[in-house]
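Welcome, and thanks for taking a look at this one with us. Below is a short briefing to read alongside the structure.

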Amino acid sequence: MQEELQKIDAGRAAEAGPAGSVMKRTMDILVSGAGLIVLSPVFLAIWAAIRLEGPGKAIFSQERIGFHGKPFTLFKFRSMVPDAEHDGVPALCGETDNRLTKVGAFIRHHHLDELPQLWNVLKGDMSMVGYRPERRYFIEKIKAENPDYERLFRIRPGVFSYATLYNGYTDTMEKMLRRLEMDLDYLEHWSLWTDVKIIFLTAVAIVTGKRF
């Protein structure tokens with residue numbers, strides 16, 4: 001499996017070229033670093049709102065699968081009640097999920113819960129733009145329908161994605177499979193300009209309060 005993933009990554013490197021990879025990573029470091037500094041008051045406000053609403057940590061962490069098919073710890077602002085999956089069974093979050101807190105529903109609808117992932121980008125776990133990282137449980141379900149999911153491991157998962165912008169959050173298998181097709185299209189047609197456009201359009205959508 002490890003050898004297969006290395007071949008996949010080598011294929012991606014040949015596809016994008018060394019310059020593309022270096023430029024993408026450089027942009028990730030610059031944008032995530034600037035974002036952590038400029039948005040620090042927003043971080044503080046969201047952290048305080050979550051803590052004032054009730055008990056539980058403000059930052060939520062969860063294992064996801066990313067670059068090379070390796071697990072990493074993803075960080076988000078907590079949008080659900082503590083111990084939301086108390087039965088141990090992974091569950092997708094829907095629009096009217098009763099596990100969402102009031103603050104959580106707001107930050108999730110406006111994708112503000114994703115802001116701590118700027119730290120994941122700075123660390124190198126993620127990119128500013130890519131596919132949305134998923135849990136292994138759901139990856140196996142997606143692969144049962146479309147094994148091409150493994151091709152996504154050629155690149156780092158992203159905070160922003162073309163699929164999230166136009167497909168929204170995925171709360172059904174149908175939307176997961178549609179998201180995969182969009183992610184694969186992004187993989188095949190990647191360019192730095194595409195990343196810039198996705199970041200810009202997503203930022204505008206968030207600032208203007210558009211739900212997507």
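Arg99 is found in the loop between strand 2 and helix 3, where helices (H or I, at least four residues) and strands (E, at least two) are DSSP runs numbered from the N terminus. At 13% relative accessibility, Arg99 counts as buried; buried means under 20% relative accessible area, exposed over 50%, and partly exposed in between (1.4 Å probe, protein chains only). Arg99 and Met80 are 19 residues apart in sequence, yet their C-alpha atoms are 5.2 Å apart in space.

Two notes before the details. This is a predicted model, in which local features need pLDDT of at least 70 and side-chain atom pairs count only at pLDDT 80 or more, while totals for chains, interfaces and linings use all residues. Residues are numbered from 1 along each chain as its sequence is written, and side-chain values use heavy atoms, with hydrogens and water left out.

**Overall picture**

- The protein has 8 helices and 4 strands, and from the N terminus on the elements run α-α-β-β-α-α-β-α-β-α-α-α.
- Of the 212 residues in the protein, 48% are buried.
- Among contacts (heavy atoms within 4.5 Å) between residues at least 6 apart in sequence, 72% join residues at least 24 apart.
- The accessible surface comes to about 11,000 Å², and 62% of it belongs to carbon and sulfur atoms; accessible areas come from the Shrake-Rupley method with a 1.4 Å probe, and for residues only the protein chains shown count as cover.

- Strand 1 and strand 2 (residues 71-77) pair in the antiparallel sense over 7 bridges; two strands pair if DSSP finds at least two bridges between them.
- Within this pairing, Ser61 stands opposite Phe75 in strand 2.
- The two strands form a hairpin with 5 residues between them, and His68 in the turn has a positive phi of about 65°.

**Helix 5 and its cover**

- In helix 5 (residues 136-145), the buried residues are Phe138, Ile139 and Ile142.
- Seen down the axis of helix 5, these buried residues fall within an arc of 105°, so they line one face of the helix; the arc is that of the directions from the helix axis to the C-beta atoms.
- As background, an α-helix has 3.6 residues a turn, so residues three or four places apart point the same way.
- The cover over the buried residues of helix 5 includes strand 1 (59-65) and helix 7 (173-188).

**Salt bridges**

- The structure holds 10 salt bridges, each a side-chain nitrogen of Lys or Arg within 4 Å of a carboxyl oxygen of Asp or Glu.
- One of them joins the side chains of Lys76 and Glu114 (4.0 Å, N to O).
- Lys76 lies in strand 2 and Glu114 in the loop between helix 3 (102-109) and helix 4 (117-123), so this pair ties together parts that are 38 residues apart in sequence.
- Both partners count as buried: Lys76 has 11% relative accessibility and Glu114 has 7%.
- A network of salt bridges links Lys76, Asp113, Glu114 and Arg132.
- Lys143 forms a salt bridge with Glu150, with 2.8 Å between the closest N and O atoms.
- In that pair, Lys143 is partly exposed, with a relative accessible area of 21%, whereas Glu150 is buried at 12%.
- Arg151 forms a salt bridge with Glu188, the closest N and O atoms being 2.1 Å apart.
- That bridge links distant parts of the chain, with Arg151 in the loop between helix 5 and strand 4 (158-160) and Glu188 in helix 7, 37 residues apart.
- Arg151 counts as partly exposed at 24% relative accessibility, and Glu188 is partly exposed at 39%.

- Tyr162, Tyr166, Phe200, Leu201 and Val204 make a nonpolar surface patch of about 500 Å².
- Helix 6 (162-167) and helix 8 (192-207) are the elements that give two or more residues to the patch, and helix 8 supplies the largest share, 3 residues.
- Patches are made of residues with over 30% relative accessible area and no salt bridge; like charges are joined within 9 Å, and nonpolar side chains (Val, Leu, Ile, Met, Phe, Trp, Tyr) within 5 Å.
- Leu201 has its place in helix 8 and, at 39% relative accessibility, counts as partly exposed.
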